[in-house]
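Colleague: Before we go through this model together, could you take me through how its features are to be read, one after another?

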Amino acid sequence: MAKVLVIHPERCTACRACELACSMKHYGEFNPSRSRIQVNIFLEEAIYIPTTCTQCDQAWCAKICPTNAIVRDEATMAYKVLDDKCVGCKMCVLACPFGSIVLFPEKGKAEKCDHCLSVDGDPECVKFCTPKALEYLDEDSEVRMRQMATALKLKETFKEVTV
Amino acid sequence: MGGWQGQILRVNLTRGTCKKEKLDPKLARAYIGGRGLGTRILYDEIDPKVDPLSANNKLILATGPLTGTNASTGGRYMVITKSPLTGAIACSNSGGYIGPEIKFCGYDFLVFEGRAKTPVYLWLNNDKVEIRPADKVWGKTTHETEDRLKAETHQEAHVCAIGPAGEALALTACVMNDKHRAAGRSGVGAVMGSKNLKAVVARGTQPVKVARPKEFMAACLAVVNKLKESPVTSGGLPKYGTPILVNVINAHGFLPTRNFQQGQFEGADKVSGETIADTILIKNKGCFACTIACARVSEVKEGKYKGAGEGPEYESDWALGIATGVSDLPAVTKANYLCNELGMDTIEAGVAVATAMELFEKGHIPQADIGRPLRFGDADALVWLIEEMGYRRGFGELVAQGGYRVAEKYGHPELFMGVKKQAFPAYDGRGAQGMALGYATSNRGACHLRGYTISVEVFGIPKKMDPFATQGKAEVSKLFQDVTAFVDSTGMCLFTTFGIGAEDIYPMLEHATGAGYTLEECLKVGERIWNLERLFNLKAGLSGKDDTLPPRILHEGIPAGPAKGMVGKLAEMLPEYYKLRGWDGSGVPTKAKLKELALA
Amino acid sequence: MPVVTFLGELRQAAGRAEVTLEADTAARLLAAVAAAIGPGFADRLWTGEGLQPDVEVLVNGRNIEFLDRLDTRLRPADRVTIFFSGLRGFPGG
């Protein structure tokens, strides 16, 4: 089943526990600057927006990679980087319009959010997100939920119009 | 050892030098970090008799071993120094993001010595350190300072800074970070101002490592899940924040009203957590690594008190509103925003205004000295005076020194409501006897965060105790004081103890440090810290005589309401408390106790 | 008749801040709250036999724990306050 990491910015409290959990899971240390998910905090406007790889259907990073090091997981449809194939050419970094893939100099490899597929396939950031601003859901259920949310809004509008 | 970065940065502002030093692992083990270790360093390095605003005092910014980790609320830092307000030890604790950022720059502690000739700020750019001129931001609010210094350094940097109040050495001055978070109490902002240090700016990308990552994460996740289940940390606190307490304490009849002249406020519901949630609240926010998110992002959308920011929290709401008899929520909120921007402790500032109001109403302060009437309940006067205080203008110059100095100047020190010259927080000790004892014995002066017996006296946690009774309160006070000293030192927020206990915190500390702590030892460390703070105070010239309460609390009964007729029965509790502490009759730790705690 | 004030989440759940009810003991008052506001709300307050562990009831500002618990007598002018406590401690505000 294709999975999707759903982000609800309106629920985010800017605690950055996701950044800590991500860096620990992938590097064994707490280092938000290395986290593959980043919370963008706009203090003045009180708006907090977590951003990470959206796992594009037509992923530019994967398409441009000269060594085919970025591959899609058949089950979850998320992309991961194969370290043994990545040569650190940074083409993917240039190609990604969202800044969701980066190169870490000491390793010389591209790194991106792979829904923790390279570890155990259980996204660590979601586990530590208390306000549920991050959820890991089946893609079709998420799409269905959004359809339902839209329908509910329409229902309220109809009620106002018809009553 | 894990958790710690193993490094202290010593900044000599007189000479303009910065030196990296190794953290002593034995000392770190014995005092954990933050409040405990910071106090030890201060105790070892300064003469407690030093003039707090002289170059000989030191200012320590301290983190704990859990600061910067996934331990829920592991984002605290503490400002430790000798207080110019009380003359005693000061340790003020704050959240936000600056504490972890200091650690990501590679330091556990920043120790500031001496005094810069001209205003400066410290720029921690990872492991590169620079003392930079701050004349462009001197005189600016904490918010403007943060914006300008970020533009000058790095947009993702975090900042702690003093406002105009700290620059003017106001004894109510605090250190603000991330705009809305405060290391509030005991006038720590004035010490920073006396050193001509406007701000610390940090941006770091270095890791914090723990000794046993797998076990540590499991312990963290267990705590996160426990906090999710607790109705307070998952429901009440995020929804209403701390001001949920306004109506609760008012119903009990010990919500200190109009400078402690009454125990109930008729306008309480107008400034309650429920009303805040219904009117000015935009959303709740968390500090770094916090799974509770009790902060209130708020906005007063229109009217003369229009503004936006964070707050009010319960204590600020009480001090600026209820203590001053002001029930106009937009005005109280505006006063709170002003305190944050000008860099003043809301509790000390609010009680100072309340003190001045009582002195004025009783005819002890001539109107000519103030320049206008200053009556309880006057919202305009409150907002006006807070701003005057922040800039130390006119009558505000004196009031910015806190309620004690105002009451003393006009010949009525007995009308100051506090202990060791520090103002009471938002519970009248006459109605909650444990708080009366806690205020009298707190090492940093009157404080609710040094042993919160309201837990047993109002919320029945872990057991119910009658707030009016004195029996058993000495024991509870001592236990809570020790546990609090432990929790503070780890780098976690005291608010986690809404949902978890020391037995949940200790595994995280142990797996982070790998130091071989036991739960029992952690509580012992708490007791060691409490006694060390006491030793500092004794050397500074304080004594058991300072463990007392104002005459109003000791002798005048609360005039009406549920706690009618109650006084603070300190004499019934203090001797037992000293005994339980292993102190002699005058409040001095015995040799045996000091030996037991490895302090002799 | 005693006036009951709900605080915090209970106020939201009850949909009102206050309700005036006829009752001469704390236990009867809680039963009357159930009748007035609804059984679902009452279940959050008590088990039928005793109070839920995180519910605090004050009569004139005194916790009924220090009066006669659910047998506490109520007089017509009494003020009753009901709120949730935490399951563990409250460290401060």
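Colleague: Is helix H9 of chain B enclosed or open, and why?

Modeller: Burial is a matter of counting neighbours: a residue is buried if 20 or more other C-beta atoms, placed from the backbone, lie within 10 Å of its own, exposed if 12 or fewer, and partly exposed in between. In H9(B), 8 of the 8 residues are buried, so the helix is largely enclosed by the rest of the structure. Remember that this is a predicted model, in which local features need pLDDT of at least 70 and side-chain atom pairs count only at pLDDT 80 or more, whereas totals for chains, interfaces and linings use all residues. Residues are numbered from 1 along each chain as its sequence is written, while chains are lettered from A and ligands numbered from 1 in the order in which they are written.

Colleague: Which elements do the buried residues of H9(B) pack against?

Modeller: Elements are DSSP runs numbered from the N terminus, helices being H or I with at least four residues and strands E with at least two, and two residues are in contact if their C-beta atoms, placed from the backbone, lie within 7 Å. The buried residues of H9(B), among them B:Leu245, B:Val248 and B:His252, pack against H10 and H11 of chain B and also against strands E3 (55–59) and E5 (79–84) of chain C. After the helix comes B:Gly253, with a positive phi near 85°.

Colleague: How many residues of chain B are in contact with chain C, and which element gives the most?

Modeller: On chain B there are 41 residues in contact with 24 residues of chain C, and H8(B) gives the most to that side of chain B, with 6 residues. By class, the side of chain B that touches chain C has 20 nonpolar residues (Ala, Val, Leu, Ile, Met, Phe, Trp, Tyr, Cys and Pro), 6 charged (Asp, Glu, Lys and Arg) and 15 polar (the others, Gly among them).

Colleague: What does chain B give to its contact with chain A?

Modeller: That contact takes 25 residues from chain B and 19 from chain A, with H7(B) giving the most to the chain B side, 5 residues.

Colleague: At what angle do helices H20 and H22 of chain B pack?

Modeller: Axes are lines fitted to C-alpha atoms, for helices over the stretch in contact, and angles run from 0 to 180 degrees between N-to-C directions. H20 (residues 473–490) and H22 (residues 519–540) of chain B pack at about 100°, with their axes 7 Å apart. That makes H20(B) roughly perpendicular to H22(B), a label for angles of 65 to 115 degrees, with under 35 roughly parallel, over 145 roughly antiparallel and the rest oblique.
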